[in-house]
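I opened the model today to look up a handful of local features, and I note below what I found, entry by entry.

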Amino acid sequence: MGLRLAGRTALITGASSGIGAATASALAHSGCRLVLVGRDERRLSEVARRTGGRVMCADLGERADVERVAADQDVDLLINNAGFGWEGALEDMSAEDVSTLIAVNLTASVELTRHLLPAMVRRRRGHVVFVSSIAALGVRGEAVYAATKSGLRTFAESVRYEAPPVGVTTVLPGAVRTPFFTSRGKPYARSFPRQVEPTTVAEALVRGIERNHREVFVPGWLTVAARVQGTVPGAFHRLARLFG
Ligand SMILES: NC(=O)c1ccc[n+]([C@@H]2O[C@H](COP(=O)([O-])OP(=O)(O)OC[C@H]3O[C@@H](n4cnc5c(N)ncnc54)[C@H](OP(=O)(O)O)[C@@H]3O)[C@@H](O)[C@H]2O)c1
């Protein structure tokens with residue numbers, strides 16, 4: 001059974017923009033109290049004005065900031081959403097690019113979960129969400145980004161064994177119309193899959209919590225890609241090379 005949302009406290013990372021900001025609105029609408037985490041104080045304050053949330057500025061690439069966010073947080077819902085992209089040839093990445101991408105996209109979520117999940121389990125109430133990506137299946141030109149997203153998915157699958165009665169949901173969006181692509185410096189250039197709105201992802205995420213779904217693909221038909229990869233990986237790889 002899923003969690004009733006009214007009156008719960010939700011900590012959302014990457015709440016200043018895109019999917020995180022849309023999720024903040026959706027959870028506020030469902031009656032949650034919010035802690036809004038990100039680096040951009042001005043954009044976080046705008047989201048806070050709309051949702052009544054509390055702003056917490058933190059750079060999740062910095063261990064001390066992650067520990068500050070994790071300390072003393074009496075939260076029922078942890079939405080691990082903050083992340084950024086990197087597209088290009090692997091050889092063009094610097095060691096610093098690699099370690100920052102892994103720190104923000106993967107390590108911060110692992111650390112926040114490590115700190116916050118035990119209290120939820122003790123209270124026998126809570127839900128942890130990981131915003132992964134369809135890139136978790138493997139994407140040309142995004143090897144390290146894809147690895148962080150696949151890491152989140154596998155972490156969620158594994159940590160679920162330690163979580164009952166706390167729910168764990170992984171959200172795997174395709175392409176979403178957010179500043180993600182301009183921030184990484186490469187616009188979304190594929191014709192397929194078409195971009196969906198961040199509100200669509202947020203609604204699916206909230207439904208995933210309420211119904212305690214293990215994985216939520218957005219749009220839903222992307223589950224087919226995961227099934228094809230699982231059953232006929234060779235054919236999947238050939239199709240992925242054809243369609244990017
Ligand atoms: N857009 C897509 O097509 C797509 C598809 C699949 C998955 N996703 C995933 O969805 C999540 C949200 O992305 P989005 O599309 O909503 O992009 P976005 O609009 O660029 O939002 C990214 C969020 O992550 C936060 N963030 C980035 N680096 C951070 C850091 N070092 N410390 C703290 N917060 C940080 C940003 O906050 P500040 O700038 O305030 O720090 C921002 O709120 C990401 O994990 C992304 O990988 C996106």
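Is F217 buried or exposed? I find that F217 is buried, because its relative accessible area is 10%, and buried here means under 20% relative accessible area, exposed over 50% and partly exposed in between, with a 1.4 Å probe and protein chains only.

Before going further I record the conventions: this is a predicted model, in which local features need pLDDT of at least 70, side-chain atom pairs count only at pLDDT 80 or more, and totals for chains, interfaces and linings use all residues. Residues are numbered from 1 along each chain as its sequence is written, and side-chain values use heavy atoms, with hydrogens and water left out.

I placed F217 in strand β7, where helices (H or I, at least four residues) and strands (E, at least two) are DSSP runs numbered from the N terminus. Along the chain F217 and T170 are 47 residues apart, and their C-alpha atoms are separated by 8.5 Å.

I then turned to T13, which belongs to strand β1 (residues 9-13) and is buried at a relative accessible area of 2%. A polar atom of the T13 side chain lies 2.8 Å from the backbone nitrogen of N81; I count this as a polar contact, meaning a pair of N or O atoms within 3.5 Å, where within protein one must be able to donate a hydrogen and the other to accept it, and residues adjacent in sequence count only if both atoms are side-chain atoms.

**Entry: the ligand**

Which residues are the closest to the ligand? I read off S17, R39, N81, Y145 and T178 as the closest of the 31 residues that surround the ligand, a residue being near if one of its heavy atoms lies within 4 Å. By class, the shell holds 14 nonpolar, twelve polar and five charged residues; Ala, Val, Leu, Ile, Met, Phe, Trp, Tyr, Cys and Pro count as nonpolar, Asp, Glu, Lys and Arg as charged, and the others, Gly among them, as polar.

An N or O atom in the S17 side chain is 2.5 Å from an oxygen atom of the ligand, a polar side-chain atom of D59 is 2.9 Å from a ligand nitrogen, and a polar backbone atom of G83 is 3.4 Å from a ligand oxygen. On its own the ligand has 880 Å² of accessible area, of which the protein covers 95%; such areas come from the Shrake-Rupley method with a 1.4 Å probe, and for residues only the protein chains shown count as cover. The elements that give two or more residues to the shell are α1 (18-29), α5 (143-159) and α6 (180-184).

**Entry: salt bridges**

I count 14 salt bridges, each defined as a side-chain nitrogen of Lys or Arg within 4 Å of a carboxyl oxygen of Asp or Glu. One of them pairs R125 with D76 at 2.9 Å, N to O, and this pair links distant parts of the chain, 49 residues apart, with R125 in the loop between α4 (95-123) and β5 (127-131) and D76 in the loop between α3 (63-70) and β4 (77-80). R125 is partly exposed at 29% relative accessibility, whereas D76 is buried at 5%.

In another, the closest N and O atoms of R190 and E142 are 3.5 Å apart. R190 lies in the loop between α6 and α7 (198-210) and E142 in the loop between β5 and α5, so the pair ties together parts that are 48 residues apart in sequence. R190 is partly exposed at 27%, and E142 is buried at 8%.

**Entry: backbone geometry**

Where do cis peptide bonds occur? I found one joining P164 and P165, with omega about 5°, and one joining V218 and P219, with omega about 0°. P165 lies in the loop between α5 and β6 (167-173), and P219 in the loop between β7 and α8.

I also noted positive phi values in residues other than glycine: near 60° for R124 and near 50° for N212.
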